[in-house]
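Subject: Structure for your review

Dear colleague,

Please find below the structure that I am handing over to you. My findings follow it.

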Amino acid sequence: MQLDHSGLEILDEDECRRLLARAEIGRIVFTHHALPAVQPVNFAVSGGDIVIRTSRTSRLAKAAADTIVAFEIDEFDTAAKTGWSVVAVGPARHVTDPADSAALEALPLRSWAPGEREYFVRIRPELITGRRIGGPVPAET
């Protein structure tokens, strides 16, 4: 087990991707009017990419077109003082190919937010890092 300078366990890329694949809610960090913006979103993983479903007119859809974004997921148990965090950084792009959109429609990705969410954004992680405090996360059975 490798630790960072703060004593947190450094998660390897495979473990980070495993955690990404099982989470449902994350936070996307993007630039909005030249300022950082953070928004919670439902997401799914497809072909190694993080996929978000939003409306065509959302600030996220407008801001996350061909830009570099960060995406973060985490889980903590405050009573046990354990948890983990994964951050993925990479380019975001609108999905414009009809065949790709049709394939993404089949994902178990339904927005919790009200209203129509007919637009997909893909994030291709180029840098994935993670940290854990406390014990390991059990594998899903």
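**The largest pocket**

The largest pocket has a volume of about 180 Å³ (the space filled by probe spheres set on grid points, which are joined across faces, edges and corners). On a 1 Å grid over the protein atoms alone, a pocket is an open set of points where a 1.4 Å probe fits, with protein on both sides within 12 Å along at least five of seven lines. Its lining comprises 15 residues, and Pro40, Val41, Asn42, Ser111 and Ala113 are those nearest the centre; a lining residue has an atom within 4 Å of a point. Strand β3 (35–42) and strand β5 each contribute at least two lining residues, and the largest share, 4 residues, comes from β3.

**Basis of the values**

This is a predicted model, in which local features need pLDDT of at least 70 and side-chain atom pairs count only at pLDDT 80 or more, whereas totals for chains, interfaces and linings use all residues. Residues are numbered from 1 along each chain as its sequence is written, and side-chain values use heavy atoms, with hydrogens and water left out. Helices (H or I, at least four residues) and strands (E, at least two) are DSSP runs, numbered from the N terminus.

**Helix α1**

Helix α1 (residues 13–22) has Glu15, Cys16, Leu19 and Leu20 buried (under 20% relative accessible area, with exposed being over 50%, for a 1.4 Å probe and protein chains only). Viewed down the axis of α1, these buried residues fall within an arc of 140°, so they line one face of the helix; the arc is that of the directions from the helix axis to the C-beta atoms. Asp14 and Ala21 are exposed on the face turned away from the buried side. At the start of α1, a side-chain oxygen of Asp12 comes to within 3.2 Å of the backbone nitrogen of Asp14.

Ile28 has Phe71 of β6 as its bridge partner. Strand β7 (residues 82–94) also pairs with β6 in the antiparallel sense, over 11 bridges, and Ala70 stands opposite Val89 of β7. The hairpin of β6 and β7 has 4 residues between the strands, and Lys81 there takes a positive phi near 55°.

**Ser58**

Ser58 lies in the loop between β5 and α2 (59–63) and counts as buried at 15% relative accessibility.

Yours sincerely

How values were computed: Two strands pair if DSSP finds at least two bridges between them. A polar contact is a pair of N or O atoms within 3.5 Å; within protein, one must be able to donate a hydrogen and the other to accept it, and residues adjacent in sequence count only if both atoms are side-chain atoms.
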